[in-house]
Amino acid sequence: MRDRQTVSKTSSTTSRSKVQDQQSSDAGGHPLDLGEGRRIRSTTVVCVRRGDSVVMAADGQVSLGATVMKSSAKKIRKLYNDKVLAGFAGSTADAFSLFSRFETKLEQYAGNLGRSAVELAKDWRTDKMLRQLEALLIVTDARQTFLLSGTGDVIDPDEGIATIGSGGSYALAAARALMENTGLSAREIAEKSLRIAGQICIYTNDQMTIEELKAE
């Protein structure tokens with residue numbers, strides 16, 4: 001009888017714990033949440049490939065809840081002798097840590113973007129410290145584009161378009177429409193789609209950083 005009571009109490013405690021964890025998550029328990037809806041956001045990035053060009057564009061806004069903390073953040077970096085572009089959405093400090101590790105992978109694998117992306121994603125998923133990093137990355141060279149996440153995802157996007165960040169879905173929709181219905185260049189599509197996202201997403205502004213690579 002006592003054993004059954006103990007099991008019942010343990011089960012009840014576990015259930016309450018799960019409910020409390022879920023409530024904490026629903027209430028904004030994300031690592032970038034600072035309480036009362038004050039979440040740090042750093043968005044949006046779009047990458048467009050067309051013809052012999054690939055272009056990555058990012059807005060400059062960093063928000064803390066309803067406050068714009070910075071309007072001209074640089075969310076794109078050139079890596080491996082300017083042959084690779086990497087853009088991030090999420091925590092700035094975490095993103096720069098990932099950039100550094102990704103650049104090490106590029107050096108290790110002689111600039112092989114696909115291999116470097118897979119190896120970074122493996123480390124990101126399995127390393128206890130790296131799993132705490134909160135960011136999404138888009139990495140691209142003149143031939144390939146990949147979207148990387150801390151869950152081990154390495155995604156080669158369809159149609160040569162990749163987006164991340166809170167305004168990413170708006171930028172993606174705009175870029176696809178422009179790709180299918182216009183003859184605009186990759187740079188023009190990236191710029192216009194990011195501008196459209198900025199008109200819809202309150203966490204995205206029109207202060208852009210744009211980088212371009214061309215196939216040799």
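A residue counts as buried when its relative accessible area is under 20%. Keep that cut-off handy, because Leu 64 comes in at 19% relative accessibility and so counts as buried. The structure above is a predicted model. The protein has five helices and 12 strands, and 42% of its 216 residues count as buried.

**The overall picture**

- Let's start with contacts across the whole chain. Taking the contacts with a separation of 6 or more, 60% are between residues 24 or more positions apart.
- If you want to find Leu 64, look in strand S4, which covers residues 62-64.

**Two helices crossing: H2 and H3**

- Two packed helices are described by the angle between their axes and the distance between the axes.
- For helix H2 (residues 92-108) and helix H3 (residues 113-126), the axes come within 9 Å and cross at roughly 135°.
- That angle makes H2 oblique to H3, because angles over 145 degrees count as roughly antiparallel and those from 65 to 115 as roughly perpendicular.
- The crossing of H2 past H3 is right-handed.
- On the H2 side, the contact is made by Leu 98, Arg 101, Phe 102, Lys 105 and Leu 106. On the H3 side, look for Leu 113, Ser 116, Ala 117, Glu 119, Leu 120, Asp 123 and Trp 124.
- Sort the residues of this H2 and H3 contact by type and you get seven nonpolar, one polar and four charged.

**Another crossing: H4 and H5**

- Helix H4 (residues 168-181) and helix H5 (residues 186-200) pack with their axes 8 Å apart, at an angle of about 140°.
- H4 and H5 are therefore oblique to each other.
- This crossing of H4 and H5 is right-handed.
- H4 brings Tyr 170, Ala 171, Ala 174, Ala 175, Leu 178 and Met 179 to the contact. H5 brings Ile 189, Lys 192, Ser 193, Ile 196, Ala 197 and Ile 200.
- By type, the residues of the H4 and H5 contact divide into 10 nonpolar, one polar and one charged.

**A residue on H5: Arg 195**

- Arg 195 also sits in helix H5.
- Arg 195 has 34% relative accessibility, so Arg 195 counts as partly exposed; that class runs between the 20% and 50% cut-offs.
- Leaving out residues up to four places away in sequence, Arg 195 touches Asp 206 and Met 208.
- Arg 195 and Asn 205 are 10 residues apart along the chain, and 7.7 Å separates their C-alpha atoms.

- Thr 145 is part of strand S9, which covers residues 145-148.
- With a relative accessible area of 4%, Thr 145 is buried.
- The side chain of Thr 145 makes a polar contact of 2.7 Å with the side chain of Arg 49.
- The side chain of Thr 145 also has a polar contact with the side chain of Thr 140, at 2.9 Å.
- Not counting residues up to four places away in sequence, the residues that Thr 145 touches include Cys 47, Val 54, Ile 138, Val 139, Ile 155, Asp 156, Pro 157 and Ala 162.

Methods. Residues numbered from 1 in each chain as written. Predicted model: local features only at pLDDT ≥ 70, side-chain atom pairs only at ≥ 80, totals over all residues. Heavy atoms only, no water. Axes fitted to C-alpha atoms, helices over the stretch in contact; angles between N-to-C directions. Helix = DSSP H or I, 4+ residues; strand = E, 2+ residues; numbered from the N terminus. Parallel < 35°, antiparallel > 145°, perpendicular 65-115°, else oblique. Left-handed = near helix turned anticlockwise from the far one by under 90°. Contact = heavy atoms within 4.5 Å. Nonpolar A, V, L, I, M, F, W, Y, C, P; charged D, E, K, R; others polar. Buried < 20%, exposed > 50% of the residue type's maximum accessible area, 1.4 Å probe, protein only. Polar contact = N/O pair within 3.5 Å; in protein donor to acceptor, adjacent residues only side chain to side chain.
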